[in-house]
Amino acid sequence: MRRTQLDIQLKTPEQIEKMRAAGLVVAEALRRMSAAVAPGVSTADLDAIAEATIREAGAIPSFKGYHGFPASICSSVNEQVVHAIPAADQVLREGDLISIDCGAVLDGWHGDAAVTVGVGEVDPALLKMAAVAEDAMWAGIAAAARGAANGRGRLTDISHAVETAVRRGGRYGIVDGYGGHGIGTEMHQDPHVLNHGRPGKGPRLVPGMALAIEPMITMGSPRTVELSDGWTVVTRDRSMAVHVEHSMALLEDGVWVLTAFDGGRGRLGDLVTARQRADSPAG
């Protein structure tokens, strides 16, 4: 089924189970890459870990070849916000901050998630910004779950919850023009999910919707520029940036964070659906 106007793909519970399988592949790839982050490691090294992990699971890296993108991950370091291309000569240094975005397609269904990781000893202010982005992402997911449960939720309730959490966390720039998206049989689908805005607008939040929620915030201006490679997005003022993301789906009895090992239970508690797999960790 597809909702009119925005062409939003609604999934059955069985299809969401398939998306969960893809999401767990992404979660494992991100786990392995995060563990490998250290001074002296190149972003190409991390990309190799991702591709090996994804293919080992019988999946395909969904980024590789997407509109010509040459790698399995986006590896955005420091002032790079999103879409940076891994390279052997981009070697991580003590104090860097790297955002790793990864996607996989398994049995025709996509998973997509991102984490921000510090390299060695990192300025506590940068780690706080990463934590604020993470909290904002979970606030957006919780808003979606509550809105679907009470039948009154609208898409921009997510946007408003993300923005409110960021503003509560400190003076950060919320990157404009980039945000979350629908996900399913394609990596990017309707609707676009802004990380700011007034609540109560847009399509209703209903069971069957699957969305990637991904705050991107900066230590300075929210304005960005795309580099000449046609991919890498950096902050215009070269301030540090972070990016986090989870893919989640709404079901009749709650939300399922498809790219979190615990399905989101550790952060969302009873908002998580009972369909969360029994073999997932409980917290």
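Which side chain makes a polar contact with the side chain of Asp112? The side chain of His181 does, at 3.2 Å; a polar contact is a pair of N or O atoms within 3.5 Å, where, within protein, one must be able to donate a hydrogen and the other to accept it, and residues adjacent in sequence count only if both atoms are side-chain atoms. This is a predicted model, in which local features need pLDDT of at least 70 and side-chain atom pairs count only at pLDDT 80 or more, while totals for chains, interfaces and linings use all residues. Residues are numbered from 1 along each chain as its sequence is written, and side-chain values use heavy atoms, with hydrogens and water left out.

**Annotated binding sites**

- An unreviewed UniProt entry marks Asp112, His181, Glu214 and Glu245 as "binding site". UniProt positions follow the numbering used here, feature names are shortened, and annotations may be inferred rather than shown by experiment.
- These residues spread over 134 residues of sequence but cluster in space, with a largest C-alpha distance of 10.6 Å.
- Asp112, His181, Glu214 and Glu245 are included in the lining of the largest pocket. A pocket is an open set of points on a 1 Å grid over the protein atoms alone, where a 1.4 Å probe fits, with protein on both sides within 12 Å along at least five of seven lines; lining residues have an atom within 4 Å of a point.
- UniProt (unreviewed entry) also places a "binding site" feature at Asp101, Asp112 and Glu245.
- That set spans 145 residues in sequence, yet no two of its C-alpha atoms are more than 7.9 Å apart, so the residues gather at one spot.
- Asp101, Asp112 and Glu245 are in the lining of the largest pocket.

- Asp112 lies in strand S7 (residues 109-118). Strands (E, at least two residues) and helices (H or I, at least four) are DSSP runs, numbered from the N terminus.
- Asp112 is buried at 2% relative accessible area. Buried means under 20%, exposed over 50%, and partly exposed in between (1.4 Å probe, protein chains only).
- Beyond four places in sequence, Asp112 touches residues including Asp101, His181 and Glu245. Contact means heavy atoms within 4.5 Å.
- Asp101 sits in strand S6 (residues 97-106). Asp101 is also buried, at 7% relative accessibility.
- Among the contacts of Asp101 are Asp112, Glu214 and Glu245.
- Glu214 falls in the loop between strand S11 (210-213) and strand S12 (216-218). Its relative accessibility is 6%, which counts as buried.
- The Glu214 side chain makes a polar contact with the His181 side chain at 3.3 Å.

- Strand S9 (residues 180-182) pairs with strand S10 (residues 189-193) in the antiparallel sense, over three bridges. Two strands pair if DSSP finds at least two bridges between them.
- A hairpin of six residues joins S9 to S10.
- His181 stands opposite His192 in S10.

**A three-stranded sheet**

- Three strands form an open antiparallel sheet in the order S5-S14-S13.
- S5 (80-82) and S13 (224-226) are the edge strands, each pairing on one side only.
- S5 pairs with S14 (residues 233-235) over two bridges, and Gln80 stands opposite Val234 in S14.

**Gly170**

- Gly170 is in the loop between helix H4 (155-169) and strand S8 (173-174).
- Gly170 is partly exposed, with 24% relative accessible area.
- The C-alpha atoms of Gly170 and Met219 are separated by 9.5 Å, although the two residues are 49 residues apart along the chain.
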